[in-house]
Amino acid sequence: MAIEITARSLADTQEADIASGEAVQPRELSGLPEKSAPLSRVLRRSLRWTRRNFSSRAGLLSGGDVVILSAPKSGRTWIRTFLCAYLCKRYGVEFTLQPGRYDHPGFPRVIFSHDRFEHRTKGNRWDRLRGKYLVPRRELRRARIILLVRDPRDCFVPLYLQMTRRDPSAGAALKQKSVSELLRDKRLGIRGIVRAMNDWLDEFSGLKNFTIVRYEALRASPAEHFRDLLAVVGETTPDMSIFQEALEFSRFENMQKLEAAGVFDSKILHPGDVRDPESFKVRRGKVGGYREYLSAEDLEYALDALMKLDRRFGYSS
């Protein structure tokens with residue numbers, strides 16, 4: 001493999017999933033079905049006002065040239081691996097999943113965050129009061145914003161598997177919940193994912209620096225849409241030899257082999273149990289795979305929840 005990774009280069013890796021999809025500019029969103037009623041000024045003002053981070057963690061979420069937001073399990077690890085493989089090779093530095101450590105001229109700083117979803121589901125009341133998991137409002141005014149989206153049903157199933165098979169901090173009661181029970185959980189279930197996606201679109205859809213990236217489109221045509229992603233990051237004329245290396249390096253099959261071999265020296269990119277494929281961080285990335293895990297009643301419930309998702313996302317059935 002032309003792109004080499006070492007344990008030292010990955011020792012400081014923090015949590016990140018990766019998602020991918022079709023780059024859609026805000027002006028293209030206007031051609032999709034409109035909501036039945038415009039977002040009220042009160043709600044827009046409320047979303048802006050609540051975006052405040054008074055915690056020490058605000059610094060980690062600041063200074064980005066690009067901010068990539070997503071619900072958990074949207075495919076963020078895939079995009080992160082591709083971007084890091086390309087950019088590190090492009091600038092001649094050692095591969096890392098934390099490229100922010102490099103103070104290299106021209107090397108874009110990319111921040112990944114689950115933002116509003118984590119704000120509502122992670123930490124305690126004091127964390128939420130301080131906005132610990134929110135990207136500061138001032139950062140989103142100047143950075144390019146990419147929203148990674150995936151069918152919420154395909155987000156929920158791997159999130160359920162992560163919480164019950166991978167996450168050591170998950171309580172015993174949570175680990176004992178069935179997929180049907182967690183699907184209906186107000187915060188961690190599918191309705192929590194739908195709510196976060198709607199709030200992001202409501203907050204950012206009118207901004208010129210906002211782009212939507214769809215996981216399903218990237219799975220269908222990764223080479224085409226990864227080039228679109230690089231353009232948003234600032235690489236409008238990518239080096240195609242490096243591009244092909246990064247594309248190959250970030251293939252699901254290769255990432256699974258690296259994770260199974262323990263090459264990624266990070267607890268985030270280690271399987272919960274190497275004998276259990278469902279405990280891997282990089283699983284299958286299958287479009288529509290949720291159907292293999294949900295009962296007929298669960299599927300009906302999930303579809304009903306999906307009816308509350310903004311139609312402009314395109315996941316209405």
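This is a guided tour of one predicted chain, stop by stop.

**Before you start**

The model is predicted, so local features are given only at pLDDT of at least 70 and side-chain atom pairs only at pLDDT 80 or more, while totals for chains, interfaces and linings use all residues. Residues are numbered from 1 along the chain as its sequence is written, and side-chain values use heavy atoms, with hydrogens and water left out.

**The whole chain**

Show everything as a cartoon. The chain has 16 helices and six strands. Helices (H or I, at least four residues) and strands (E, at least two) are DSSP runs, numbered from the N terminus. Of the 317 residues, 55% count as buried. Buried means under 20% relative accessible area, exposed over 50%, and partly exposed in between, with a 1.4 Å probe and protein chains only.

Switch to a surface. The chain exposes about 14,800 Å², and carbon and sulfur atoms supply 51% of that area. Areas come from the Shrake-Rupley method with a 1.4 Å probe; for residues, only the protein chains shown count as cover.

Now think about contacts, meaning heavy atoms within 4.5 Å. Among contacts between residues at least 6 apart in sequence, 79% join residues at least 24 apart.

**Strands E3 and E4**

Select residues 66–70, strand E3, and residues 110–113, strand E4. E3 and E4 pair in the parallel sense over four bridges. Two strands pair if DSSP finds at least two bridges between them. Pick Val 67: its bridge partner in E4 is Ile 111.

Stay on E4 and show side chains. In a regular strand the side chains alternate between the two faces of the sheet. Val 110 and Phe 112 lie on one side of E4, Ile 111 and Ser 113 on the other, and all are buried.

E3, H4 and E4 make a right-handed β-α-β unit. Right-handed means that, with the strands pointing away from the viewer, the path from the first strand over the helix to the second runs clockwise.

**Two positive phi values**

Select Lys 73, in the loop between E3 and H4. Lys 73 is not a glycine, yet its phi is positive, about 65°. Lys 73 counts as buried, at 6% relative accessibility.

Next, go to Asp 115, in helix H5 (residues 115–121). Its phi is near 45°, again a positive value in a residue other than glycine. Asp 115 is buried, with a relative accessible area of 0%.

Select strand E5, residues 144–149. Five of its six residues are buried, so E5 is largely enclosed by the rest of the structure. E5 runs parallel to E3, and five bridges join them. Here Val 67 stands opposite Ile 145.

Leu 147 has Ile 212 in E6 as its bridge partner.

**The largest nonpolar core**

Which residues touch the most other members of this core? Select Leu 69, Phe 156, Ile 193, Trp 200 and Phe 313, out of 42 residues in the core. A nonpolar core is a set of buried Ala, Val, Leu, Ile, Met, Phe, Trp, Tyr and Cys residues joined through side-chain atoms within 4.5 Å. Elements that give it two or more residues include E3, E5, helix H8 (152–165) and helix H16 (296–306). H11 provides the largest share, eight residues. Apart from this core lies another, of 35 residues, among them Tyr 91, Phe 107, Tyr 215 and Leu 218.

Zoom in on Leu 69. Beyond its neighbours within four places in sequence, Leu 69 contacts residues including Ser 113, Asp 115, Ile 146 and Trp 200.

**Tyr 133**

Select Tyr 133, in the loop between helix H6 (125–130) and helix H7 (137–142). Is Tyr 133 buried or exposed? At 7% relative accessibility, Tyr 133 counts as buried. Tyr 133 and Asn 53 are 80 residues apart in sequence, but 7.5 Å apart in space, C-alpha to C-alpha. Leaving aside neighbours within four places in sequence, the contacts of Tyr 133 include Asn 53, Arg 57, Asp 115 and His 119.

Select helix H14, residues 240–249. Its buried residues are Ile 242, Phe 243, Ala 246, Leu 247 and Phe 249. They cover an arc of only 165° around the axis, which puts them on the same side of H14. The arc is that of the directions from the helix axis to the C-beta atoms.

Finish at Asp 298, in helix H16. Asp 298 counts as buried, at 2% relative accessibility. Leaving aside neighbours within four places in sequence, Asp 298 contacts Val 179, Ser 180, Leu 183 and Arg 184.
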